[in-house]
Amino acid sequence: MTYLFHIVVCLVLVIFQTAVKPQVLFLGGIYDVLTAYIIYLGLFHRVREILPIILISGVIMDTISGGPMGLFLTTYLWLFLLTRGITRLINQDNLVLRFFIVGIGVVIQTGVYIGTTLLLGNATLFPAPTLNVALTQMLWALGTGAILVTFFRYIHGIWEVLLNTYFVRESAQGG
Amino acid sequence: MFSKKTVVIIGVFFLIIANILILSVISQRYPTSGPGGFTISLLAPFQEAIAGSSRFVKGLWRHYFNLVLVSEENDQLKKQLARAQEMKNGWVEARMANDRMRRLMDIGRDFSQELVYAEVIGRDPTAWFKTVIINKGYKDSVAVGMPVLVPEGIVGQIVDVSGRYAKVLLIVDQNSAVDALVQRTRARGLVKGEFADQCRLEFVLRKEDVQVGDAIVSSGLDNVFPKGLPIGKIKEVAAETSEMFYTLTVVPHVDFEKLEELLVLRTPMDVPPGDDK
């Protein structure tokens with residue numbers, strides 16, 4: 001059931017990014033919000049829960065986007081490794097960490113995108129619009145990253161409560 | 001001599017006659033003074049006050065109800081206005097969609113091959129890549145490699161197809177390339193996507209004559225886009241990049257932020273539309 005929850009959230013976020021975000025002008029510069037979800041998973045969930053979700057969401061994003069195949073999957077794996085590494089050093093509930101970690105994630109993601117594009121020889125080196133987009137995404141991440149991570153944790157908490165209330169009770173009654 | 005009963009009857013008769021006579025005499029005049037006038041003067045102010053109050057209360061009541069009715073009517077009129085505006089917006093949208101369709105149909109006449117009408121239903125999830133998802137797939141005979149157009153010019157090409165949907169790589173994506181010509185001088189080059197919804201025209205020899213404002217059209221040599229389709233116009237000529245080639249910035253005719261409906265051109269392509277040379 002937890003996997004189902006994560007997959008549904010990932011799908012909702014992908015749909016939001018592809019169908020809702022383009023309709024809302026002020027959201028045009030926002031970063032890939034799945035980044036925040038992957039970071040949330042990295043902070044608060046076990047590896048066996050996270051890896052299949054990273055695999056699924058990475059493949060979904062790779063197939064729906066115009067980027068080179070495997071780019072999102074690679075980025076999400078790096079983000080996961082980064083989050084795990086950081087949580088070894090700093091407590092996952094640290095507010096300063098929560099404030100900056102999505103921003104750091106977005107910087108890494110941007111670095112991977114630009115690096116890949118340069119490696120493939122398709123881009124001019126850092127034209128001004130690239131830097132504008134990167135900066136805008138960074139600011140969005142600093143402004144909303146901590147809120148999103150907290151929100152994801154909150155709705156997952158609600159899900160856990162519902163799960164325990166209904167499914168566990170039903171299975172107890174059935175037993 | 002007379003019975004008591006007869007006396008009573010006669011008495012009553014005379015009383016009635018006397019009463020009639022008195023009333024007929026009194027009713028012929030309107031007293032302006034005397035006890036009648038005094039009574040009226042005494043009572044009339046109270047009557048006037050009560051009548052006035054009554055009128056005031058009645059007026060208040062009537063106005064209150066009127067206000068309630070007017071308020072209700074106002075609410076209804078507001079609702080009707082909102083509905084009318086909604087309908088007007090719907091008609092304006094329908095008219096604009098109709099205009100767009102007509103223009104799409106118009107460009108459809110330039111081609112001998114079949115065109116598939118499609119709508120944009122999704123966009124790339126990140127700002128780094130430029131693709132759109134359309135609502136036509138292989139069940140609608142859409143296949144990978146087919147060119148996608150709008151009346152203003154080339155949009156891109158199909159890069160991925162499922163049953164009912166397909167992914168279009170826009171010409172402004174960094175992975176996109178279209179073989180192109182400068183329309184005025186027929187100088188050949190390759191239009192590649194750049195980041196900020198613009199393209200660059202590469203591999204145009206320096207010996208060629210190119211100017212800012214020159215129109216760029218597809219050459220047809222890439223076997224994807226038919227020859228002569230508009231792409232954009234030259235915005236900037238950068239001379240310092242290479243000794244052999246120009247690097248030209250091209251602004252596409254298509255506004256990729258406003259893509260709604262588009263046409264997929266089913267291959268094989270044959271007739272070059274509107275090629276003026």
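In chain B of this predicted model, strand 9 (residues 215-218) and strand 10 (residues 230-238) run antiparallel and are joined by three bridges. Strands here are DSSP runs of E with at least two residues, helices are runs of H or I with at least four residues, and both are numbered from the N terminus. Two strands count as paired if DSSP finds at least two bridges between them. Within this pairing, B:Ile216 stands opposite B:Gly232 of strand 10. Strand 10 of chain B also pairs with strand 11 (residues 245-252) of chain B, in the antiparallel sense and over six bridges. B:Gly232 has B:Pro252 as its bridge partner in strand 11 of chain B. In general, the strands of a sheet pair through backbone hydrogen bonds, in either a parallel or an antiparallel manner.

Residues are numbered from 1 along each chain as its sequence is written, and chains are lettered from A, and ligands numbered from 1, in the order in which they are written. Because the model is predicted, local features need pLDDT of at least 70 and side-chain atom pairs count only at pLDDT 80 or more, whereas totals for chains, interfaces and linings use all residues.

A barrel is also found in chain B, where six strands close in the order 1-2-5-4-3-12 with antiparallel pairing. From one strand to the next, the twist averages 45 degrees. B:Val132 has B:Val168 of strand 5 of chain B as its bridge partner.

Chain A contains six helices and zero strands, giving the pattern α-α-α-α-α-α along the sequence. Of its 175 residues, 33% are buried, a residue being buried if 20 or more other C-beta atoms, placed from the backbone, lie within 10 Å of its own. Residues 24 or more positions apart account for 75% of the contacts in chain A with a separation of 6 or more; two residues are in contact if their C-beta atoms, placed from the backbone, lie within 7 Å.

Helix 3 (residues 47-64) and helix 4 (residues 71-89) of chain A pack at about 150 degrees, with axes 7 Å apart. Axes are lines fitted to C-alpha atoms, for helices over the stretch in contact, and angles run from 0 to 180 degrees between N-to-C directions. The crossing of helix 3 and helix 4 of chain A is right-handed, meaning that the near helix is turned clockwise from the far one by less than a right angle. Residues of helix 3 in this contact include A:Ile50, A:Ile54 and A:Asp62, and those of helix 4 include A:Leu71, A:Tyr76 and A:Phe80. The contact comprises ten nonpolar residues, two polar and one charged. Ala, Val, Leu, Ile, Met, Phe, Trp, Tyr, Cys and Pro count as nonpolar, Asp, Glu, Lys and Arg as charged, and the others, Gly among them, as polar.

Helix 2 (residues 33-44) and helix 5 (residues 95-119) of chain A have axes that come within 10 Å and cross at roughly 120 degrees. Helix 2 of chain A is therefore oblique to helix 5 of chain A; angles under 35 degrees count as roughly parallel, over 145 as roughly antiparallel, 65 to 115 as roughly perpendicular and the rest as oblique.

Key
A residue is buried if 20 or more other C-beta atoms lie within 10 Å of its own, exposed if 12 or fewer, and partly exposed in between; C-beta atoms are placed from the backbone.
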